[in-house]
Amino acid sequence: MAGEPTKPKSAGDVASARAEARKGGLLPETKPSASEDIAAFVAKARAMSPHGPGARGRLVFALDATMSRQPTWDMACALQADMFREAALLGSLDIRLVYYRGFNECRATGWISDSAQLARLMGKIDCQGGNTQIGKVLSEARREAVASGVRAVVFVGDAIEESVDDLCAKAGELGLLKVPVFMFQEGHDTSAEQAFREIARLTGGAWCKFDPGAAAQLRELLRAAAAYAAGGREALLRLSKTASGAALLIGQMK
């Protein structure tokens, strides 16, 4: 009868009608939304990530090893033992060294739990001229975060020669995995600062600058990052009460 209200259909009726319409080619097949895909990816990655109580802290320690970085590389070699010592106060720490140099060379070590072993390995590496490859560092960190769990990433560098948008996309993926990136910048390059700050923000990490050749400043920053990797935010918060580097990091982290 004309003018009669339409009777509401049940959920079952609606589902049946949609199924019939799809069979007839009237409606397209629905696909999971991008947000659902991302949620599924993050859930799977977190399930694989050993961040539970008692798990060893894992830190990706990434360094720019291009020619201009030789003095800082030598300084990092001398300071890296401080990261292990700081972590030992809280539990344990494994470090994976990632570095780039020369023409398209980017390498990563296995997981190292001994400071002397890391020092010997770093001592065999010399810096070579080349462009930055920060994108490869972030991709390696993401792969390792999914494969075996990473609590934090430290990057030490002074320049950027890549697409900032591309780097931010990779940083966003690490942010979804709850892996903060601590961007430690040597010097005063404004382009590098803008990019490093954005990478840190997108991952929930922090950006800090240290003066060229300032071993004491870099030591404090590395100690703070190691504390976070070994003991989480609470450990970093405790250290921030007595160490300036930790205070700089915790003040930015969300």
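Author: The axes of α5 and α6 come within 9 Å and cross at roughly 20°; axes here are lines fitted to C-alpha atoms, for helices over the stretch in contact, with angles running from 0 to 180 degrees between N-to-C directions. Helices (H or I, at least four residues) and strands (E, at least two) are DSSP runs, numbered from the N terminus. This is a predicted model, in which local features need pLDDT of at least 70 and side-chain atom pairs count only at pLDDT 80 or more, while totals for chains, interfaces and linings use all residues. Residues are numbered from 1 along each chain as its sequence is written, and side-chain values use heavy atoms, with hydrogens and water left out.

Reader: Why are α5 and α6 called roughly parallel?

Author: Angles under 35 degrees count as roughly parallel, over 145 as roughly antiparallel, 65 to 115 as roughly perpendicular and the rest as oblique. The axes cross at roughly 20°, and α5 and α6 are therefore roughly parallel to each other.

Reader: Which residues make the contact between α5 and α6?

Author: On α5 they are I134, G135, L138, S139, A141 and R142, and on α6 they are L167, K170, A171, E173 and L174; contact means heavy atoms within 4.5 Å.

Reader: Why is E144 called buried?

Author: Its relative accessibility is 6%, so E144 counts as buried. E144 forms a salt bridge with R143 (2.9 Å, N to O), and R143 is partly exposed because its relative accessible area is 40%. Salt bridges that share partners join R96, E140, R143 and E144 into one network.

Reader: What makes the pairing of S148 with E144 a polar contact?

Author: A polar contact is a pair of N or O atoms within 3.5 Å; within protein, one must be able to donate a hydrogen and the other to accept it, and residues adjacent in sequence count only if both atoms are side-chain atoms. The side chains of S148 and E144 make such a contact at 2.4 Å, and another of 3.0 Å joins the side chains of S148 and R58.

Definitions and conventions
A salt bridge is a side-chain nitrogen of Lys or Arg within 4 Å of a carboxyl oxygen of Asp or Glu. Buried means under 20% relative accessible area, exposed over 50%, partly exposed in between (1.4 Å probe, protein chains only).
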